[in-house]
Amino acid sequence: MSKQINVALIGNPNTGKTSVFNALTGLNQKVGNYPGITVEKKEGVCKLPRGVKAHIIDLPGTYSLNASSLDENVVIELLLNKNDKDFPDLAVVVSDVENLKRNLLLYTQIKDLEIPTILVINMADRMAYKGISLDLEYLETHLKTKIALVSTRKNQGIDKLKNLISNYKDLSISHCIDLSEIDPAYFKNLQSAFPNQLIYKLWLVITQDVNFGKTDRNEIDAVANFKTKSKNDLKRLQQKETIKRYQFINDVLKKGQTIDVANAKDLRMRLDRVITHKIWGYAIFFIILLTIFQAIYDWSSVPMDFIDTTFAAFSEWTKNQLPNGAFTNLLTEGIIPGLGGIVIFIPQIAFLFLFISVLEESGYMSRVVFLMDRLMRRFGLSGKSIVPLISGTACAIPAIMATRNIENWKERLITILVTPFITCSARLPVYLIIISLVIPEGRFIGLSYQALTLMFLYLLGFGTAVLSAYILNKVLKIKSKTFFVVEMPNYKLPLLKNVALTVLEKTKSFVFGAGKIILAISIILWFLASFGPGENFNNAEEITKKAYSTENLTSEELQQKIASHKLEHSFIGIIGQAIEPAISPLGYDWKIGIAIISSFAAREVFVGTLATIYSVGNDDEDTIKNRMAGEVNPILGGPLFNFASGISLLLFYAFAMQCMSTLAVVKRETNTWKWPVLQLIIMSVFAYIVALIAFQLLK
Amino acid sequence: MNTIIQNILVVIAIILALGFFIKKLFLKNQKSKKECGGGDNCGCH
């Protein structure tokens with residue numbers, strides 16, 4: 001009786017591996033558990049030509065040999081342990097024709113274990129729908145194996161697979177990649193410490209604590225003075241290994257696989273063909289952006305007005321309920337207006353994240369990343385920079401942290417340096433209040449000027465980031481680019497629960513994160529604006545009355561003059577007037593100057609600061625917007641927030657590095673103060689110059 | 001609420017606000033290590 005062949009069926013989840021198993025074994029199968037664990041073990045017998053039998057094990061689905069779960073660990077333990085009774089004579093790697101690139105990662109790993117391997121490309125019946133064609137001969141040569149093109153749904157290719165299994169001894173066991181190339185010195189040491197072991201097996205043992213034979217990581221440390229690397233270094237080498245494998249797979253598939261999107265017939269491909277089209281794709285994205293910004297304005301105006309008037313009324317109510325005194329003033333002129341300055345933006349922030357969340361959930365965002373990748377490559381950035389740049393629309397901090405998966409240091413540095421140009425949610429309150437003050441409410445083909453301005457500012461931030469990356473790319477000279485793999489998920493209807501949770505979490509994080517800083521700044525600003533040194537402040541009432549004794553002012557007008565005089569001679573007034581000469585060419589007064597300085601803690605503090613400064617000494621029940629609209633330019637006369645100064649402020653905030661947390665994170669990620677300091681100086685100077693030019697041209 | 005109590009409350013509020021900024025500026029790294037890298041709750045606003 002001939003020997004039974006041990007065959008392991010291995011593959012990524014959802015590749016139809018179990019269907020292949022069923023097609024091979026028919027009813028000759030049994031289900032059990034792997035010893036000691038509850039992972040299901042499926043075995044069966046397959047009758048092959050010439051009376052040969054194959055004992056087939058359907059191993060749990062795994063994406064790679066870098067195990068992260070018990071199921072995946074089962075696969076690795078079996079493949080590394082030659083003494084196991086189930087150790088395969090042959091591995092059959094099942095892949096899905098639609099995800100060949102991702103599936104081949106596991107294939108190259110198994111191949112490098114020197115186990116005879118057959119590649120099954122399943123779901124072959126989908127090829128026509130997807131416009132996929134394969135050069136099997138080319139693939140077999142370069143993947144150094146035999147390939148069975150199978151469709152279990154149509155029962156095609158199973159006989160060929162059986163034939164290949166019975167002739168498994170003819171299969172090559174040569175490697176796909178030379179592992180030692182990723183760190184020659186390290187792997188040379190490893191090989192000389194264990195001359196009789198397969199280097200890739202040793203590597204898997206070291207990286208994954210999987211025991212095989214008598215060698216384990218502890219022994220590797222002890223024997224022959226072999227020094228293994230730190231966990232971080234090992235992880236870095238593992239990443240390099242994965243990149244090298246994908247480079248190999250990309251090279252093979254470049255010629256071995258053709259995807260003709262124009263010939264694709266299924267709905268997803270049809271949608272993708274339009275949505276990722278080199279012209280229509282961008283046009284659709286542009287229209288979606290327009291719709292989002294228009295909706296943000298149209299839908300949130302009612303709740304915003306409601307919040308604004310509620311806070312003004314609440315401040316007035318508090319003043320009437322509490323006895324007169326410093327603490328009452330702190331509440332009504334400092335804390336309540338300051339907090340109102342941030343709460344008012346909840347509707348717009350919530351709507352923005354609602355749209356982003358819907359786009360993410362529906363699968364459209366992955367297509368945007370793909371579109372942007374195509375665009376960014378022209379400016380010298382790789383696709384891996386896109387994820388940080390897109391997440392920078394929420395906040396630059398996690399975006400900069402997300403650059404950690406960019407292996408190339410210069411590419412990572414450029415991404416870190418340009419990310420703060422992306423319009424983050426903290427800029428939104430500043431943009432919204434200034435736009436509402438200086439941009440008229442008219443419409444152009446149904447789109448409001450205000451929404452168009454907001455969208456322009458988002459595009460301006462993105463454009464500046466890309467352009468800066470291009471310049472930095474020329475200066476820093478990146479030689480090699482990292483690879484970026486993005487899997488396009490299927491389109492689906494967004495789950496209401498997921499969308500609601502995202503909106504809630506993001507809005508909460510925005511309000512509570514900013515709220516704490518704004519609360520603290522409001523208290524300090526109120527103190528600085530309510531007290532001052534010298535006669536000018538303490539005798540403000542007498543001085544003002546004397547100055548206006550000849551004019552017939554009403555009592556209300558006189559009170560306003562006194563409040564204004566006190567504010568000018570308060571601590572904050574003195575500081576503000578000291579910096580006024582530097583900012584007056586930009587069209588700003590000292591109050592805006594104070595708001596710019598305090599918003600260095602966080603950009604959104606700008607609105608809260610102005611709300612607090614304008615409230616001190618003011619008894620009117622008025623909204624923040626109305627108070628800002630009523631401010632008069634002390635030098636030029638007319639409204640302080642006019643078109644020229646408004647545009648100048650918008651541009652200043654679009655380009656300035658007004659965020660100390662971002663600078664701290666850049667320092668931590670680059671491990672030096674050089675880059676954040678350069679970033680701060682260049683961005684601030686650039687913002688100042690642009691704002692200056694804008695004001696001088698438009699005034 | 002008389003004037004003295006109001007003044008005391010104001011002083012407490014100012015001390016708390018200053019304390020918040022001192023903590024944010026000088027003890028920032030501890031907070032960052034704990035919360036950054038995940039969601040957006042990284043203390044950046």
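This report describes a predicted model with chains A and B.

## The two chains

Chain A has 699 residues, and 54% of them are buried. Its secondary structure comprises 31 helices and 11 strands.

Chain B has 45 residues, of which 33% count as buried. It holds 2 helices and 0 strands. Chain B exposes about 3,000 Å², and carbon and sulfur atoms account for 67% of this.

## Helices H12 and H13 of chain A

Helix H12 covers residues 280-321 of chain A, and helix H13 covers residues 326-343. Their axes come within 9 Å and cross at roughly 170 degrees. Angles over 145 degrees count as roughly antiparallel, so H12(A) is roughly antiparallel to H13(A).

Which residues make the contact? H12(A) contributes A:Ile307, A:Phe311, A:Phe314, A:Ser315, A:Thr318 and A:Lys319. From H13(A) come A:Thr328, A:Asn329, A:Leu331, A:Thr332, A:Glu333, A:Ile336, A:Leu339, A:Gly340 and A:Val343. By class, the residues of this contact are 7 nonpolar, 6 polar and 2 charged.

## Helix H29 of chain A

Helix H29 spans residues 643-655 of chain A and has 13 residues. From first C-alpha to last it reaches 18 Å, close to the 18 Å expected at 1.5 Å a residue.

H29(A) is mostly covered, with 12 of its 13 residues buried. The buried set is A:Ala644, A:Ser645, A:Gly646, A:Ile647, A:Ser648, A:Leu649, A:Leu650, A:Leu651, A:Phe652, A:Tyr653, A:Ala654 and A:Phe655. What do the buried residues of H29(A) pack against? Their partners in chain A are helix H19 (427-438), helix H20 (449-476), helix H26 (590-598), helix H27 (605-615) and helix H31 (674-698).

## A glycine in a loop

A:Gly380 sits in the loop between helix H15 (364-377) and helix H16 (386-391) of chain A. Is A:Gly380 buried or exposed? Its relative accessible area is 10%. Buried means under 20%, so A:Gly380 is buried.

A:Glu411 lies 31 residues from A:Gly380 along the chain. The C-alpha atoms of A:Gly380 and A:Glu411 are separated by 8.9 Å.

Conventions. Residues are numbered from 1 along each chain as its sequence is written. Chains are lettered from A and ligands numbered from 1 in the order in which they are written. This is a predicted model: local features need pLDDT of at least 70, side-chain atom pairs count only at pLDDT 80 or more; totals for chains, interfaces and linings use all residues. Side-chain values use heavy atoms; hydrogens and water are left out. Axes are lines fitted to C-alpha atoms, for helices over the stretch in contact, and angles run from 0 to 180 degrees between N-to-C directions. Helices (H or I, at least four residues) and strands (E, at least two) are DSSP runs, numbered from the N terminus. Angles under 35 degrees count as roughly parallel, over 145 as roughly antiparallel, 65 to 115 as roughly perpendicular and the rest as oblique. Contact means heavy atoms within 4.5 Å. Ala, Val, Leu, Ile, Met, Phe, Trp, Tyr, Cys and Pro count as nonpolar, Asp, Glu, Lys and Arg as charged, and the others, Gly among them, as polar. The expected span of a helix is 1.5 Å times one less than its number of residues. Buried means under 20% relative accessible area, exposed over 50%, partly exposed in between (1.4 Å probe, protein chains only). Accessible areas come from the Shrake-Rupley method with a 1.4 Å probe; for residues, only the protein chains shown count as cover.
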